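Me: I am new to this structure. Could you take me through it in short steps?

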Amino acid sequence: MAFSFWYSRLRSSSRAAYTNLRNLYSRSPTPIYPTATTSEEKSLLLWSRSLLPIALAVSAGSLAFQFKTPLSLCDASDLDTLGKSIGGKGTPDFVVKGSHSKVPQELIDELKDICQDNLTVDYDERYFHGKPQNSFHKAVNIPDIVVFPRSEEEVSKIVKSCDKHKIPIVPYGGATSIEGHTLSPHGGVCIDMSLMKSVKALHLEDMDVVVEPGIGWMELNEYLEPYGLFFPLDPGPGATIGGMCATRCSGSLAVRYGTMRDNVISLKVVLANGDVVKTASRARKSAAGYDLTRLVIGSEGTLGVITEVTLRLQRLPQHSVVARCNFPTIKDAADVAIATMLSGIQVSRVELLDEVQMRAVNLANGRNLPELPTLMFEFIGTDAYAREQTHIVQKIVSEHNGSDFVFAEDPEAKKDLWKIRKEALWACFAMEPKFEAMISDVCVPLSRLAELISKSKVELDASPLVCTVIAHAGDGNFHTVILFDPNQEEHRKEAERLNQFMVYTALSMEGTCTGEHGVGTGKMKYLEKELGVEALQTMKRIKTALDPNNTMNPGKLIPPHVCF
């Protein structure tokens, strides 16, 4: 036991040495040692075999001296996929590789007992759940089984059974994520949470609501509207509350109301061993112990399956005004967004679209809008306050080369104006209907936004690919939609080059590779540069402590080369 442990750790320290020895020692059709025939030869054979761990240790030590920091000690499972699966350092591969073990019949029978008819092994259904709906990322495998639990108790039993058999699970919400979060590279069990979508409790006087994870944010707001309340985060249509927690999403209203981490009061989570944990009370603030709520938010299903969420709500605004204006350059538009935030005006939305994006909007919707960098604002409050904000921003716009400032207060006119932004992503495909989109998600301190967008635009405009810019300009977060054909190698390389340029530029400005989309498989390769290996090793220690069998959405968030 002890020998196996140290052998595993030593071989992990020297990938090249171990790979060569493994190819000879483990996979050779004939033994690398001759067959011993005499007692003397047997003694020599045993002695020579005992040198293997020493040789590995010497090899690891010699390699370690070539690096400024010590090499990490990895699990053999991580080592086997290093350099082969997506997420490693610098890999441009869009197909996520992974090992696959057959799901034992015993587990299938257990899942049937738990879920009854809410289970499928139909290929089309499994393929649908294994391919994200809004992402070019793919995996070599798809889930072996898709289950549809109806309660927290069922989720607990499912997870416990999978952990017992060491079969991976992938939680599945609205499938709107774009970084490969719901891929099943190792097969296993996909847990579709769509049947768990009820509102469990609404506390009007406390302005909070307790919901199951499968409810969508749009459906929740329809439920809340008669009570004069709403949940203020607005990611893509179809996103569910559970998935929004898992990816720590935000949206266009985050500039006023904060991100998911600011709007979740507590969670209930099923851990890898089937235990159900409540992360906090319903109090608006607490200093009781570790903040488990924030630990789970953004964990992307790697630490547990969310089964209940308590959300902070807001009053529906009395009045709102939506405004739009144009600028000669994108830097002018970004400068106005920064100046507006510095003025102290509490805008609820500040969105920026470049001239290419406006061209896409015109093409997709038959509009005739100016094809110039455009800013869109939303102001809320009383009638007088919203109008006052509008006029102050109009003055700021005029001081920064802005033009065509228009605003609307009529509900239908506001809806029509805001539709430009809401349909921006889908409008892009009008320019290249057969292509897919790689979407960047960099975010920087607000003071660096104009510089980052300006530098990025130089590269984007020079590229042969069609690229549009859409920014949540009020909090320094911007997206580039890069349209490319994944089947063309030169397209893939160019899209990846542009994405990498923006990420590295953002990181040089003390920014992040992802402001709201999450890591999944697509952003793993940037995490060490952003956070440092020590932070990633800490994450892996947490992951290993809570999920020792690595069954919870394996291959996501933590890069495979990070070990301890």
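Me: How many helices and strands does the chain have?
Reply: The model is predicted. Of the chain's 564 residues, 53% count as buried. The count of elements is 21 helices and 21 strands.

Me: How are α13 and α18 oriented to each other?
Reply: Helix α13 spans residues 330-342 and helix α18 spans residues 449-462. They pack at an angle of about 160°, with axes 9 Å apart. Angles over 145 degrees count as roughly antiparallel. So α13 and α18 are roughly antiparallel.

Me: Which residues of α18 meet α13, and what is the hand of the crossing?
Reply: From α13 come I330, K331, A334, D335 and I338. Their partners in α18 are L449, A450, I453, S454 and K457. By class, this contact has six nonpolar, one polar and three charged residues. The crossing of α13 past α18 is right-handed.

Me: How are α13 and α15 oriented to each other?
Reply: Helix α15 covers residues 383-398. Its axis comes within 10 Å of the α13 axis, and the two cross at roughly 140°. Roughly antiparallel needs an angle over 145 degrees. The two helices are therefore oblique.

Me: How many charged residues does the contact of α13 with α15 have?
Reply: V336, A339 and T340 of α13 meet V393, I396 and V397 of α15. By class, five are nonpolar and one is polar. The number of charged residues is none.

Me: How are α5 and α7 oriented to each other?
Reply: Helix α5 (residues 105-115) packs with helix α7 (residues 152-165) at about 175°. Their axes lie 10 Å apart. The angle therefore makes the pair roughly antiparallel.

Me: How many charged residues are in the contact of α5 with α7?
Reply: On α5, residues including E106, L107 and E110 make the contact. On α7, E154, K157 and I158 are among them. The classes include six nonpolar and two polar residues. The charged residues number five.

Me: Is I167 buried or exposed?
Reply: I167 sits in the loop between α7 and β5. Its contacts beyond four places in sequence include K102, L107 and T551. Buried means under 20% relative accessible area. At 4%, I167 is therefore buried.

Me: How many residues apart in sequence are I167 and T551?
Reply: In space, their C-alpha atoms are 6.0 Å apart. The two residues are also in contact. In sequence, their separation is 384 residues.

Me: Which side chain makes a polar contact with the side chain of T307?
Reply: T307 lies in strand β12. At 1% relative accessibility, T307 counts as buried. Its contacts beyond four places in sequence include E152, M196 and K268. The polar contact, at 2.8 Å, is with E152.

Me: Which residue with positive phi follows α14?
Reply: Helix α14 (residues 355-365) has buried residues including V356, M358 and V361. The buried residues of α14 pack against several elements, among them β15, α16 and α18. After α14 comes a residue with phi near 65°. That residue is G366.

Definitions and conventions: Residues are numbered from 1 along each chain as its sequence is written. This is a predicted model: local features need pLDDT of at least 70, side-chain atom pairs count only at pLDDT 80 or more; totals for chains, interfaces and linings use all residues. Side-chain values use heavy atoms; hydrogens and water are left out. Axes are lines fitted to C-alpha atoms, for helices over the stretch in contact, and angles run from 0 to 180 degrees between N-to-C directions. Helices (H or I, at least four residues) and strands (E, at least two) are DSSP runs, numbered from the N terminus. Angles under 35 degrees count as roughly parallel, over 145 as roughly antiparallel, 65 to 115 as roughly perpendicular and the rest as oblique. A crossing is left-handed if the near helix is turned anticlockwise from the far one by less than a right angle, and right-handed if clockwise. Contact means heavy atoms within 4.5 Å. Ala, Val, Leu, Ile, Met, Phe, Trp, Tyr, Cys and Pro count as nonpolar, Asp, Glu, Lys and Arg as charged, and the others, Gly among them, as polar. Buried means under 20% relative accessible area, exposed over 50%, partly exposed in between (1.4 Å probe, protein chains only). A polar contact is a pair of N or O atoms within 3.5 Å; within protein, one must be able to donate a hydrogen and the other to accept it, and residues adjacent in sequence count only if both atoms are side-chain atoms.
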